Amino acid sequence: MRQWWLGRPVPMAGVSSVTVAPEYRGRGIGRMLMTALLDEIAAQGYPLSALFPATMPLYRSVGWELAGARDTAVIPARSLLRLVPPDAQPPEAGTVPATGLRRAGPGDAEAVVAVLGRVHEAARDCGPITWDTDSAADWLADPGLYAYLAEDGFLAYRWQRGNKDLYAERAEAISARTARALWTQLGSHASIAEQVYARTGPASAFWWLTRERDADIAHRSRWMLRVVDAPAAIAARGFPAATSLTVPLRITDEARPANSGCWRLTVVGGAGTLDPLGPAGTAGSASPAVTLGARGLAALYAGTPLVTLRQAGLAAGGTAADDAALDAAFAATPYMLDAF
């Protein structure tokens, strides 16, 4: 998979279906399994890994930490019949015909992945993923999925509870016109559907297009992140173009010793680098280094503010100026639309 961080795709290994048979539990086998898996993820060259935890202590013990949410919103279908009109247009423009949308199938997998990538790049999204083409084709082959492709957007939904509700797995667009077209198409089913459930991000236009306060979060699950290769993860991530900083970091990572040591983090022109300063214990800088473990590094990468990291015992050292600079560089509200 590719996980998007401020509009840039970073190779990411997803972890799922981690199980230990009942007769072997309580012997540390889960931690051994995850340690071996982490080594395999690193060997295959993935700088990041993510998972949805059923329990967190195991994953925290090898460096995963909470990073973001996966939300499912719910709204009465009738509330999508007429969207809030644009300020620059007359009220009758509140609905937009779904022109430019065409039905998509497995043969459109490459185009769908490309469009979703352009959506996440344009929005400078943090957290959502795009799949490989084969996986996308398998998804689009599902006979119960209604998928529609536009030049700058994609819509995928299915019926649930018989024909009582719709479940929108994707409603992603770049332009305002296409965004309205996608949500309008979902609203066109209001004569049958009672509710529309939708996977959507916290900054989706959806929240600003509905007329009333009848949209809500129906379900939220949390996901965890692991920085597997710190220099590669920093180099692949996007950063705010206007942010410029140089901050010393001291990282301790028992499970991935290659991440351990003293580093100079540099961010300039929307890109970052992590360069070694020396072995752990020598900051190589006149100022004290911000000190992080593997969990703190993952949480920082995902945009957790330094004050939160310090309160949670995940960061120490450094200066107030370092905190402000790091907060500006990594600021994010990570989310996912997929589960695995």
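These notebook entries record what I looked up in a predicted model.

**Conventions.** I number residues from 1 along each chain as its sequence is written, and I leave hydrogens and water out, so that side-chain values use heavy atoms. Because the model is predicted, local features need pLDDT of at least 70 and side-chain atom pairs count only at pLDDT 80 or more, while totals for chains, interfaces and linings use all residues.

**Entry 1, the sheet.** I took helices (H or I, at least four residues) and strands (E, at least two) as DSSP runs numbered from the N terminus, and counted two strands as paired if DSSP finds at least two bridges between them. I found an open, mixed sheet of eleven strands, ordered β5-β7-β8-β9-β10-β4-β11-β3-β2-β1-β6. At its edges stand β5 (102–103) and β6 (126–130), each with a single partner strand, so one side of each lacks a neighbour in the sheet.

**Entry 2, pairings.** I noted eight bridges between β8 (residues 153–160) and β9 (residues 165–173), which pair in the antiparallel sense; W159 has L166 in β9 as its bridge partner. β9 also pairs with β10, in the parallel sense and over four bridges, and there D165 is partnered by Q195 of β10. β10 (residues 195–199) is joined in turn to β4 (residues 65–76) by five bridges, the two running antiparallel, with T72 opposite R199.

I read contact as heavy atoms within 4.5 Å; axes are lines fitted to C-alpha atoms, for helices over the stretch in contact, with angles from 0 to 180 degrees between N-to-C directions. Helix α1 (residues 29–43) lies across β2 (8–15), β3 (48–51) and β11 (216–227), at about 145° to β2. Helix α3 (residues 109–123) touches β1 (2–5), β6, β7 (146–150), β8 and β9, and its direction makes about 170° with that of β6.

How far apart are the axes of α3 and α4? I found them 8 Å apart, with α4 (residues 133–140) at an angle of about 110° to α3. The two are therefore roughly perpendicular, a class that spans 65 to 115 degrees. A109, E110, V112 and V113 of α3 meet T133, A136, A137 and L140 of α4.

I used a 1 Å grid over the protein atoms alone, a 1.4 Å probe, and open sets with protein on both sides within 12 Å along at least five of seven lines; lining residues have an atom within 4 Å of a point. Of 22 lining residues, A173, A179, A203, S204 and A205 are closest to the centre. α5 (176–187) is among the elements supplying at least two residues, and gives the most, with five.

Terms used: Angles under 35 degrees count as roughly parallel, over 145 as roughly antiparallel, 65 to 115 as roughly perpendicular and the rest as oblique.
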